[in-house]
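I opened my notebook to get to know this structure. Here is what I looked up, entry by entry.

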Amino acid sequence: MDTTLNQASAAIGPYGIATPSAKEAVLVANTPTFLLDRLRKDIAVQFVLDNMGPPEIVRALQDGLATPPTDVTALVPLYVYLVALSSVDPRDQEVWKQIRSLDLSRLEWGETMRRLICADAVPTTTLEFTLSSPSKP
Amino acid sequence: MKVQFALCAQTASIDRTTNRVSIFNVIDHLPVSSFPINVPAVTFVSVIESDKDGDSNVKGILEITANKSLVARLDVPINFTTNRLARVVINFQGIPVREPGPLTFRLTIPSEVTAETTFQVINVSQKEAIQVATPPTAQQGK
């Protein structure tokens, strides 16, 4: 997979991650909670989840955070990657350790959003059982 | 450890994007017109809170009893992570019930907690319905 990780031009193959709707969400958001809720539903986050595994997303975010963002739109893919990590299986502790160790100081709402994401990462045991039929008297 | 809640519903789902649980059609009683029956769909949902930080895996035991007789007993792996909460969502199809009475779901984490919920399976057979609909006699009406 061709994954380009340079801030505003971040793309998966020919498709840019900083979609107009994701840009709008980052530009109009007035709270971290709003931005998290809005981006969770955004096609950009779904696109990242469909095309990248959790370790790749962590690496892409690390690479994006390595250099200071040049302008506001450069923050968009970083927030998209961060929100995409909220869908990681809560039982995948290896990835969650990496998420907790990310230096998010370049993102104004990064730390708060990470706390929100970690708080929602409740592991769920889901099982299905079909039981036998009772015999008619 | 403590139990936040335990209940039975017709269905429950976990939102893929938010990881939040939605519970639909909570079962507080189950009217049944003939016995025995297979209860077609019951979902047991419980949230358990650990009092310790860090990851841990525990084994719970879920027992289903109908009128004090054991219907099913199964092991349930439960994972706790750093945020201390764990959810259990178990879908059952075809729980056999032979007669009216309490249907109990009991999830036990040995030497820790028990998450338990019970609802009544009620007989609403046609015979009883006719009896209810029969008007009182003149003698009874006086």
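**Entry: a ring to begin with**

Is F105(B) buried or exposed? I looked it up in what is a predicted model, and F105(B) is buried, with a relative accessible area of 0%.

Next I looked for aromatic pairs, and the count over all chains is four. F44(B) and F105(B) form one of them, a stacked pair with 6.1 Å from centre to centre and 10 degrees between the planes. I then checked where these two sit along the chain. F44(B) belongs to strand β5 (residues 42-49) of chain B and F105(B) to strand β10 (residues 101-109), so that the pair links distant parts of the chain, 61 residues apart. F44(B) counts as buried too, at 0% relative accessibility.

F105(B) has a further stacked partner in F119(B), at 6.2 Å centre to centre and 25 degrees between the planes. F119(B) lies in strand β11 (residues 113-123) of chain B, 14 residues from F105(B) in strand β10. With a relative accessible area of 2%, F119(B) is buried.

Which residues form the aromatic cluster? I found F129(A), F44(B), F92(B), F105(B) and F119(B) together in one cluster, and I was pleased to see a residue of chain A in that list.

**Entry: chain B as a whole**

I stepped back to view chain B. I noted two helices and eleven strands, and from the N terminus on the order is β-β-β-β-β-β-β-β-β-β-β-α-α. Chain B has 142 residues, of which 42% are buried. I also looked at its contacts with a separation of 6 or more: 66% of them are between residues 24 or more positions apart.

**Entry: the cores**

I asked myself which residues have the most contacts inside the largest nonpolar core. They are L35(A), L39(A), L61(A), Y79(A), V80(A) and Y81(A), in a core of 41 residues. The largest share comes from α5(A), with nine residues.

Leaving out residues up to four places away in sequence, L35(A) touches A25(A), V26(A), A29(A), Y79(A), W109(A) and M113(A). Apart from this core lies another, of 35 residues, including C8(B), F35(B), I48(B) and V76(B).

**Entry: where the chains meet**

Last, I turned to the interface. Here 35 residues of chain B are in contact with 30 residues of chain A. The area buried between the two chains is about 2,700 Å², and carbon and sulfur atoms give 48% of it. T17(B), P36(B) and R87(B) supply 19% of the area that chain B buries against chain A, more than any other three residues.

I also checked the polar side of the interface. The chains share 17 residue pairs in polar contact, and the rule finds two salt bridges between them. I looked at R16(B) and D50(A), which form a salt bridge with the closest N and O atoms 4.0 Å apart.

Which elements give two or more residues to the side of chain B that touches chain A? I wrote down β4 (37-39), β7 (69-80), β8 (85-93) and β9 (95-97) of chain B. β8(B) gives the most, with nine residues.

How values were computed:
Residues are numbered from 1 along each chain as its sequence is written. Chains are lettered from A and ligands numbered from 1 in the order in which they are written. This is a predicted model: local features need pLDDT of at least 70, side-chain atom pairs count only at pLDDT 80 or more; totals for chains, interfaces and linings use all residues. Side-chain values use heavy atoms; hydrogens and water are left out. A nonpolar core is a set of buried Ala, Val, Leu, Ile, Met, Phe, Trp, Tyr and Cys residues joined through side-chain atoms within 4.5 Å. Buried means under 20% relative accessible area, exposed over 50%, partly exposed in between (1.4 Å probe, protein chains only). Helices (H or I, at least four residues) and strands (E, at least two) are DSSP runs, numbered from the N terminus. Contact means heavy atoms within 4.5 Å. Rings of Phe, Tyr and Trp (its six-membered ring) pair if their centres lie within 6.5 Å; planes under 30 degrees apart count as stacked, over 60 as edge-to-face and the rest as tilted. Buried area is the accessible area (1.4 Å probe) that two parts lose on being put together, summed over both. A salt bridge is a side-chain nitrogen of Lys or Arg within 4 Å of a carboxyl oxygen of Asp or Glu. A polar contact is a pair of N or O atoms within 3.5 Å; within protein, one must be able to donate a hydrogen and the other to accept it, and residues adjacent in sequence count only if both atoms are side-chain atoms.
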